[in-house]
Structure formats: C-alpha cells, structure tokens
Amino acid sequence: MTHKEKADQLLHQQYHCSQAVFGAFADDFDMDLKTVFKISTCFGAGMRQGGICGCITASLLVLGMAIGFYDAQDREQEVYGNKKTEEFIRRFTEQMGGDTNCRDILGKDISIPADMAAVRQEGLILKRCPRAVNSCIEILEDMLSDILKDMTESNIDPQDIPENDEMQSILKSIGKLKRFRRNVNNLLLSSEKEIGFIQYDIRKFKIVNDLYGEKFGDEILDFVKKQTKESCTEGQFYINLRSDVFMVVMEFEYEGELVAFIQRLDAKIASYKNVKLQMSYGVYTVEDRRMELRQMEDRAAMARKAAKNNIVSNIIFYKEQFKESLYNRKFIEENMQTAITERQFMMYLQPKYSIAKNEIIGAEALVRWRHPQRGMIYPDQFIPVIEENGFIQKVDYYIWEEACRFIHKCKEAGIAFCPVSVNVSRVHLRDNECIHVLSDMLKRNGIPKGMLELEITETADDQQISFKALQLKEEGFTLLMDDFGSGYSSLNILLETPFDVIKLDKKFMENMMVSGKGRLILEQVVSMANKLDLGLLAEGVETKEQVELLQSIGCDQVQGYYYAKPMPQEEFFELLKQQYGK
Ligand code: C2E
Ligand code: CA
Ligand code: CA
C-alpha cells in the first residue's frame, strides 16, 4: 500500500488527519499503529481548536522521526532539522494556497459544536481533508528522499553509524530501504528476465524471543541476515524490512529457480545454535512492471502471510485470488455469527450405497450456508477460514445436532437403520469438550452410539489427535478415516489410531485407475482393509467404470455423484422412506 492509500484507508476508518498522516508512515519507522495514533492525538490539539491543520503536526512528527535532533550538543543536527521544518511548512502553505488552518480547509470550525455536527452530517472530513493529507504526503516523500541524498552525500557514512544509536539507526534503515528500492527499480527498468519478490519471516519468532530472550533473538536475526546476504549474488538484492521480515528481489527465467533459491537459503537457516528455525516464504512474480513497487512488496507480503497458515508448504506464490480471498475472509468473519443465530447453516445429506444390494446404507452430513443475499456458499469457501478462527466448533455442533435430530426422526418413522456420519474438524481434537458434547447430544436425542459416525481427516502424524480419537473410540463411537490416500503417512496413522472404516479419497481412486500398477495398489489396500477388519468406502464415485472396478476388487460401499449428490435432508428422508416402504 502506498502512503496515500494507507492514509486514505485510515481516514475512512474515521481517524483524524494527524493520525492518518503519521499512521501512513508508521511502517517506515517500524512503529506500531497504536502508539502512532496516541502520539498524533496529543499533537492534534491545535486542530481541535479549529487552528493549525493536524496534517502539519503529523508531518513534523514524521520528519522528527527521520531527522529530529536529540543530542543537545549536536548543533548541526538541530540546524538541519529546523531548516527542514521550515521547508515543509513553506511548501505545504504554498501547495494549499495559504489554507493551513483546520477551519479554512473544512470551511467549518470544529471547536464549535454546531459546526462539528455539520461536519459529521455532511461527511466533510472525507470530502475536504484528503487535499491536505495528500499534499503533505507528497511533500514528505519528496523531502525524505532528499534527506537520504543529503545523508549519503555528506561525509556521514550510514555504515559507520553505531548500532545502538537509535535515531541514527532509523536513518540508516531509511537509507538502506531507499537504496534497496532504487536498486530494484533499476532492475525492473533494465532486466530482460522475469523478476521475483521473495518475502520471508520466521514462524513464531515472538515465541523464540520470549523463550530465549531478545538478545538471542537479535543473534538469530543477524544470522538470518548473514545467510541471506551470502545467498545473494549479482542481480539479487536483499533487505531486512523490519525485525524478522526479510525480502529478496531477483531475476529468474523459470519459477523453479525461485524455489531452488529458497530451498538453498532455507537449508542454510534451518537452525541456529540447535534452535530450529521454520520460515514462511511468500513469492510474487512481477507481471506488470509499471505497478508501484510498494504494491509488489505488498503482494509478496500477502503470500508470506498465507504461507504462515499453510501446513502443507512453507512456500506460497501470490495469486490474484488472494485479494478475493481476503475479501471473502472479511465477509465470513462479519457474517458467521448471524448465520448461526438466523439458522442460515443447513445440513445436506449425501447417501452412501452398497453396490451389491443397490441400497442406501447411510449418509454423510455436509454443511451448506444459505446466505440471504449471496445465495449458497459451499464449505470449501468458508471452512478453512472458520477452522482458523475457531468458529468451526459452533458450526459443527450445529450440524451434529441436526444429524442427531435426523436419526431420531428416522427412528420415529420406523426406519431403524440409517447411520449418519458427521465431519469432525481437527480443531475439536485438541481438548475434551467434543467428547462431552457428543455424548450429551446422543443422550438427549435418545440415539444409540453406532448411529452417529465420526469422520476424521488426519493430515499428518499427530500424537495428540490419535490419542483423542482413541478416547472417542472408547466412548463407543464409530470412527471413519476421511480422505485416505490424499495426504501424508496414512498407513502410519492406521497403526496409531483405531479407525473402523477407511474412506478412500476421490483423488486416490482416480490416480489408481489410470494404470495397471495403480489398480494393483488399490487391490492391496482393499485386501489390507479386509485383513485388518476395517470397513472400506470409496468416495467421489462418478462413473459406471469406477463402480465396476470397485466391485471387482471387493469394495462394496460407495458414495458419489454416480449414485446421488448431497441433498436437503427432507429429500433424503423421502428416498429412505421409499426404500423401506414407509
Ligand atoms: P469431505 O468430507 O471429503 O466431503 C466430501 C465432499 O465431496 C463433499 O463436498 C461432497 O459434496 C463431495 N462429493 C461427493 N461426491 C462427489 C463426487 O462424486 N464427485 C465430486 N467431485 N465430489 C463429490 P462438500 O460438501 O463441498 O464438502 C467439502 C469438504 O468440506 C468436506 O470434504 C469436508 O472436509 C468439509 N465439510 C463439509 N461439511 C462439514 C461440516 O459440517 N463440518 C466440518 N468440519 N467439515 C465439513
Ligand atoms: Ca467427510
Ligand atoms: Ca472425504
């Protein structure tokens, strides 16, 4: 985000002009927004009297952070700072045509309550203040780059400034950042190859810091910086953006080169003094070189953040859909609670069939979100988000309860046998709550345990989850291993966790069907399941050929579009009634 975009965003969030301007530069000084807002509020006093515009005080704060003097003996620095302050005020006054007071810019005096009410009512801040905000940002950006030039051209070599000198080290980082951006801009202008941005940070660095102390944390950062520096050759530039966030910009011809670079670097920084370091890498490959540099950096940052949450890979490439997915995330977070209270979540049921009997033998409960404006939202679009923020717990309880009610309804209608399986997110398996919730639900709805089955996906070996699954099993629940063959060491997990049924993943089956060797593996899995006395069910069965193949190798239970899609529970109930002649 550019400074102007950031300031505009803050104004829209109802921050004052002084907060918007200082806030826009917060990142440059590695300051958190909260502190920046508090400081700029104190200095916005003139503005609150309708007097001097808050943009001016905020801009002087920005300049102060970059060059303010702090050593009473350092007259040179003081004179330089004063000169720059005057320069700013002169340029701002010129650009604003003399309007430097809040009451001139807004056309109202906010110290008068009636005027303030009018400002609010007519939304004058968003209409009139951006002129001042944008002017001062333009001037500041220009001045900061001049200041850098002054600095690099003067005899103060930024490399010589001692590290413990806080203000100077800020100048030093501005200097480094500017130099880095200049190099990258030159690369973007001159290189005939593709350009990639790789941004990375240390996973859970805060915990490392807390655990081993900040001094050790700093050592780690130095170590990462050194390894990064050594990894970069000509045409590759690096920067330590802030604390544990680093970025490398490099040329490449094939994306594989970027991955290879990352893998080499990752191997070098895998651990420091026996402390394991796990990194998250976000990659942005430039498509349009006219885009602002900051926007490219932002995209790499977005990819890095996505890599943090990804358990499969620590390298994520920025894709256009990220933007949309951020929007999507916000929508979900803002609407999920209402969705529960207004019963927008619905249970769909997908029948499971026996091939030999050509009969329904059960169903899987799958959640759907019917939003009054957006229509049907499918689980793949919202489950990952609510798994991350923990809300999945509420949604699952809701679906489990629906499933229990459905089973109860079948019993009442004289349909004695129709087990329903529900999905159990890994989030539940971290504590004991779900065991109590499930047992309580069964009791309340008068349901025998065998009728409610639990589907658990194991994506990696996880002792804790295996242990919880064992407890559920001891409570008498039937456990289905979901998505077998789609992820990690599935066979190991079979040793650790006492599953009753394996659900063969759709992809696994598809892959297995294409060659004779694959078919052999599939046969072995079926025979293994038989020997271990495990039930087997194939998911995502779409074609007649698949049904025939499964039957020929001895897998009888299936679920998939070939037989039926997931459907509203009422529809499934009708199907069941037909089958049982009720
Ligand atoms: P899953 O548990 O593997 O569920 C099977 C998914 O495959 C369902 O997608 C189903 O509609 C789809 N499917 C079934 N037959 C076929 C077929 O023949 N071909 C194809 N292409 N797809 C088929 P759905 O309903 O979109 O659910 C996606 C995933 O979301 C589920 O995968 C499950 O992991 C999760 N999920 C759904 N409902 C819940 C829930 O209530 N709680 C939790 N925790 N997760 C849920
Ligand atoms: Ca499932
Ligand atoms: Ca599945």
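## Helices α17 and α18

In this predicted model, local features need pLDDT of at least 70 and side-chain atom pairs count only at pLDDT 80 or more, while totals for chains, interfaces and linings use all residues. Helix α17 (residues 392-412) packs against helix α18 (residues 433-445) at an angle of about 25°, and their axes are 10 Å apart. Axes are lines fitted to C-alpha atoms, for helices over the stretch in contact, and angles run from 0 to 180 degrees between N-to-C directions. Helices (H or I, at least four residues) and strands (E, at least two) are DSSP runs, numbered from the N terminus. The angle makes α17 roughly parallel to α18; angles under 35 degrees count as roughly parallel, over 145 as roughly antiparallel, 65 to 115 as roughly perpendicular and the rest as oblique.

The crossing of α17 and α18 is right-handed. On the α17 side, Q393, Y397, W400, E401, C404, R405 and H408 meet E433, C434, V437, L438, M441, L442, R444 and N445 of α18. Contact means heavy atoms within 4.5 Å. The residues of this contact divide into eight nonpolar, three polar and four charged.

M451 sits in the loop between α18 and β12 (452-457). With 12% relative accessibility, M451 counts as buried; buried means under 20% relative accessible area, exposed over 50%, and partly exposed in between (1.4 Å probe, protein chains only). Apart from its neighbours within four places in sequence, M451 is in contact with I407, A416, F417, C418, P419 and V420. From C-alpha to C-alpha, M451 and D556 are 20 Å apart in space, and they are 105 residues apart in sequence.

## The calcium ion (ligand 2)

Four donors coordinate the calcium ion (ligand 2) at 2.1 to 2.3 Å: E364 (OE), N423 (OD1), E455 (OE) and D482 (OD). Donors are N, O and S atoms within 2.8 Å of the metal (3.2 Å for Na, K and Ca); water is not among the atoms, so sites may look incomplete. Along the chain, the donors of ligand 2 follow the spacing E-x58-N-x31-E-x26-D. N423 in strand β11 (residues 420-424) and D482 in strand β13 are 59 residues apart, and the pair links distant parts of the chain.

At 25% relative accessibility N423 counts as partly exposed, whereas D482 at 7% counts as buried.

## The calcium ion (ligand 3)

The calcium ion (ligand 3) lies 4.0 Å from the calcium ion (ligand 2), and D482 coordinates both. The protein donors of ligand 3 are D482 (OD), D483 (OD), E539 (OE) and E539 (OE), at 2.2 to 2.7 Å. The sequence spacing of its donor residues is D-D-x55-E. D482 lies in strand β13 (residues 478-484) and E539 in the loop between β15 (535-538) and α23 (544-552), so this pair ties together parts that are 57 residues apart in sequence. Both D482 and E539 are buried.

## Helices α12 and α13

The axes of helix α12 (residues 214-231) and helix α13 (residues 255-268) come within 10 Å and cross at roughly 140°. That angle makes α12 oblique to α13. F223, Q227, T228, E230 and S231 of α12 make the contact with F261, L265 and K268 of α13.

## Numbering

Residues are numbered from 1 along each chain as its sequence is written, chains are lettered from A and ligands numbered from 1 in the order in which they are written, and side-chain values use heavy atoms, with hydrogens and water left out.

Technical notes:
A crossing is left-handed if the near helix is turned anticlockwise from the far one by less than a right angle, and right-handed if clockwise. Ala, Val, Leu, Ile, Met, Phe, Trp, Tyr, Cys and Pro count as nonpolar, Asp, Glu, Lys and Arg as charged, and the others, Gly among them, as polar.
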